[in-house]
Amino acid sequence: MKKKGQAALEFLMTYGWAILAAVIVIGVLYFLIGNPSNLAGDKFLMAAPFSAGEKSLVGTSITLEISNGAGKTLDIDIDATPLVPDLTLGACGTATNSYKADGTTALAQTDLDNWAPGTKYVFKWTGCTGVTTGSRFNEDIKIPYKTTDSSLTQSGSGSLSVSVK
């Protein structure tokens with residue numbers, strides 16, 4: 001009877017040391033490398049008919065470059081006051097500014113009503129919540145649009161995942 005108890009205790013001690021060693025290794029890796037989610041690269045993806053370009057996250061402002069990849073002219077829904085497209089980016093809400101590809105010339109309503117194929121526009125969101133240094137900012141983007149040959153409103157979508165520095 002005494003031998004069975006000793007064997008059980010030795011068995012538990014052996015596995016205990018192995019588990020302790022594994023926990024120490026994981027702790028050291030976490031300490032040396034940091035949060036594993038920060039190892040993932042930044043990404044900005046758009047589903048057809050749009051294509052993603054450059055992205056920028058500065059403070060609580062996010063700037064995205066989006067192209068019309070539909071092969072036909074698109075009409076983007078807008079809010080009249082101020083003249084801003086109804087692009088939404090999760091916790092950031094609706095885009096606060098929109099520009100031509102140069103990033104400084106503001107878009108006119110005619111630009112948004114007639115987004116030509118291959119044309120690149122820059123959209124900016126300010127005052128985004130959930131942007132914390134050392135974390136990841138993950139949000140989905142929605143773009144309501146119509147094609148020039150249809151009166152049905154469709155929705156383009158995409159995703160943004162960036163490391164906040």
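Which residue in β3 is the bridge partner of valine 58? In this predicted model, the partner is serine 61. Residues are numbered from 1 along each chain as its sequence is written. Local features require a pLDDT of at least 70 and side-chain atom pairs count only at pLDDT 80 or more, while totals for chains, interfaces and linings use all residues; side-chain values rest on heavy atoms, with hydrogens and water left out.

The protein contains 2 helices and 11 strands, taken as DSSP runs numbered from the N terminus (helices H or I, at least four residues; strands E, at least two). From the N terminus on, the order of elements is α-β-β-β-β-β-β-β-β-α-β-β-β. Of the 165 residues, 28% count as buried (under 20% relative accessible area; exposed is over 50%, partly exposed in between; 1.4 Å probe, protein chains only). The accessible surface comes to about 9,800 Å², and 60% of this belongs to carbon and sulfur atoms (Shrake-Rupley method with a 1.4 Å probe; for residues, only the protein chains shown count as cover). Among contacts (heavy atoms within 4.5 Å) between residues at least 6 apart in sequence, 61% join residues at least 24 apart.

An open sheet is formed by 4 strands in the order β2-β3-β9-β8, with antiparallel pairing; strands count as paired if DSSP finds at least two bridges between them. Its edge strands, β2 (50–58) and β8 (97–100), each pair on one side only. On average, neighbouring strands of this sheet are turned by 20° against each other, direction ignored (axes are lines fitted to C-alpha atoms, for helices over the stretch in contact; angles run from 0 to 180 degrees between N-to-C directions).

Strand β2 is joined to β3 (residues 61–68) by 7 bridges, and the two run antiparallel. The hairpin of β2 and β3 has 2 residues between the strands, and glycine 59 takes a positive phi near 65° there. Proline 49 lies in the loop between β1 (43–46) and β2. The peptide bond that joins alanine 48 and proline 49 is cis, with omega about 15°.

Helix α1 (residues 2–33) includes leucine 20, which is partly exposed at a relative accessible area of 40%.
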